[in-house]
Amino acid sequence: MTYLERAKELFEEGREFRRQLHQHPEVGFELPETAKAVKAKLDEIGIAYQMVGDSYGITGTLGNPDKGKTLLLRADMDGLPITEKSVHDFVSKNENGHLCGHDMHTTILLMVLKMLKENEDQLQGQIKFLFQPAEETLNGGVLMLKEGILENPKPDAGMALHMWPVAEKVDIEVAHGSALASALNFRITVKGVGAHGAMPYNGIDPVFVGTQIINAANGIIARELPSNRSASLSMGFFEAPGGSVNIIPPTVVIEGTSRSLYDEAAEHMAKRLPEVVEYIGKAFRAETEFEVLADVPSLVNTDAITDQVIESAKEAVGEAYEVKQIGSFLASEDYAHIAHVLPESCYFFVGCPLPDEEGKVYAVHHPHVQFNEEALIVGSATMATAATNWLRDNQ
């Protein structure tokens, strides 16, 4: 029996579990009920596991390390603090939402582990797995590294996947080289002196200073980086608590993100943004603070294992589903922390469009996004085949 055939047999079980997770999303590092559900499934499959340090991360192994190398398979488990607005039978029952597909990722890895456990004696090496918290904050991978996820045993390579609900159809999509961008998420605090709006000279206007910081920061991209190896910069949050139509507030808080596919551009932004904030603030007599919320490297797919995943995907599902190579995206992924350290890694996408009643599909993080559950079959068959083949071919 092929992994695709077996995945089809496991589909109903997988779908039921995915919908259970979908109704009870948890966010960040605090995933007690999600972890409990995953552990119950691992117990059912008969796979030993342990918690990653004091976190809700879950890891374990199967296979025989004496037969070959060790391959890491990773899935993220956390949801988003966004209220789901789709209408279906298993909509979220709380204020959070599995709107990035992590419930799908978790279910797929469980399906993969069940299939690999059934064929454990045929594996030419060892599988190490990781169910990870806090991908959405872009800080979970860092904690997994600190807690030793790449030790005891040390993986020789890694794989992970992600849902892609804006694809044209259910398929497998893989990028060579830089797949996803780095991310520098930051918070800028500008401290001024409040005043009456009619007499701004009596204070130090942090709103004015904040706007000058935004303008100057965008000048880094416009004047300091080559256009063909640049970065993006977006300020998505600007708050002036205590301000009003005729009141200059004492403080402004700005939050934003810079993304890039190029290490040198990311490093330049990380150096120059705090400088611009500091010196624009000094120019207008305000105090400033630059705080890094997350700093993730770009996610690079190494050549050999990526070629292996592409060929394995074609073997697993190629006659029934398309397998195509794609370009890079400026989205970012917490798995990059882990991939950056591994000798080899591949991160691929599973197309999973599910149009609503009006025929619209939505991107991840949208309140109305939905995921075609057929991707559970395609994703698990691909990952199981790719994992088996990589161990076989990398003795």
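The predicted model holds 8 aromatic pairs, where rings of Phe, Tyr and Trp (its six-membered ring) are paired if their centres lie within 6.5 Å, with planes under 30 degrees apart counted as stacked, over 60 as edge-to-face and the rest as tilted. One of these pairs is formed by Phe208 and Phe284, which are edge-to-face at 5.0 Å centre to centre with 90° between the planes. This pair links distant parts of the chain, 76 residues apart: Phe208 belongs to helix 5 (residues 206–224), and Phe284 to the loop between helix 6 (263–283) and strand 13 (287–296). Helices (H or I, at least four residues) and strands (E, at least two) are DSSP runs numbered from the N terminus. Phe208 is partly exposed at 38% relative accessibility, and Phe284 is partly exposed at 32%; buried denotes under 20% relative accessible area, exposed over 50%, and partly exposed the range in between (1.4 Å probe, protein chains only). Ring pairs also join Trp164, Phe329, Tyr335, Tyr347 and Phe349 into a cluster.

The model is predicted, and local features need pLDDT of at least 70, side-chain atom pairs count only at pLDDT 80 or more, and totals for chains, interfaces and linings use all residues. Residues are numbered from 1 along each chain as its sequence is written, and side-chain values use heavy atoms, with hydrogens and water left out.

Helix 5 has 19 residues and reaches 26 Å from its first C-alpha to its last, close to the 27 Å expected at 1.5 Å a residue; the expected span is 1.5 Å times one less than the number of residues. At the start of helix 5, a side-chain oxygen of Asp205 comes to within 2.9 Å of the backbone nitrogen of Val207. The buried residues of helix 5 are Pro206, Val209, Gly210, Ile213, Ile214, Ala217, Ile220 and Ile221. These buried residues pack against strand 8 (182–191), strand 10 (232–239), strand 11 (247–248), strand 12 (251–260), helix 6 and strand 13.

The UniProt annotation "binding site", from an unreviewed entry, covers Cys100, His102, Glu136, His162 and His365. They span 266 residues in sequence, yet no two of their C-alpha atoms are more than 13.0 Å apart, so they gather at one spot. Of this set, Cys100, Glu136, His162 and His365 are part of the lining of the largest pocket. On a 1 Å grid over the protein atoms alone, a pocket is an open set of points with protein on both sides within 12 Å along at least five of seven lines, and lining residues have an atom within 4 Å of a point. UniProt positions follow the numbering used here, and annotations may be inferred rather than shown by experiment.

Glu136 is found in the loop between strand 4 and helix 4. Apart from neighbours within four places in sequence, Glu136 is in contact (heavy atoms within 4.5 Å) with Asp78, Gly79, Leu80, Cys100, His102 and His365. His162 lies in strand 5 and is buried, with a relative accessible area of 7%. With the same exclusion of neighbours within four places, the contacts of His162 include Cys100, His102, Tyr347 and Phe349.

Most residues other than glycine have a negative phi, and most peptide bonds are trans. Ala134, in the loop between strand 4 (126–132) and helix 4, has a positive phi of about 55° and is buried at 0% relative accessible area. Leu138 lies in the loop between strand 4 and helix 4, has a positive phi near 65° and is buried at 6%. A cis peptide bond, with omega about 0°, joins Asn152 and Pro153. Pro153 is in the loop between helix 4 (140–146) and strand 5 (157–164).

Definitions and conventions. 1 Å grid on protein atoms, 1.4 Å probe; cavity = no way out; pocket = protein on both sides within 12 Å on 5 of 7 lines; lining within 4 Å. Polar contact = N/O pair within 3.5 Å; in protein donor to acceptor, adjacent residues only side chain to side chain.
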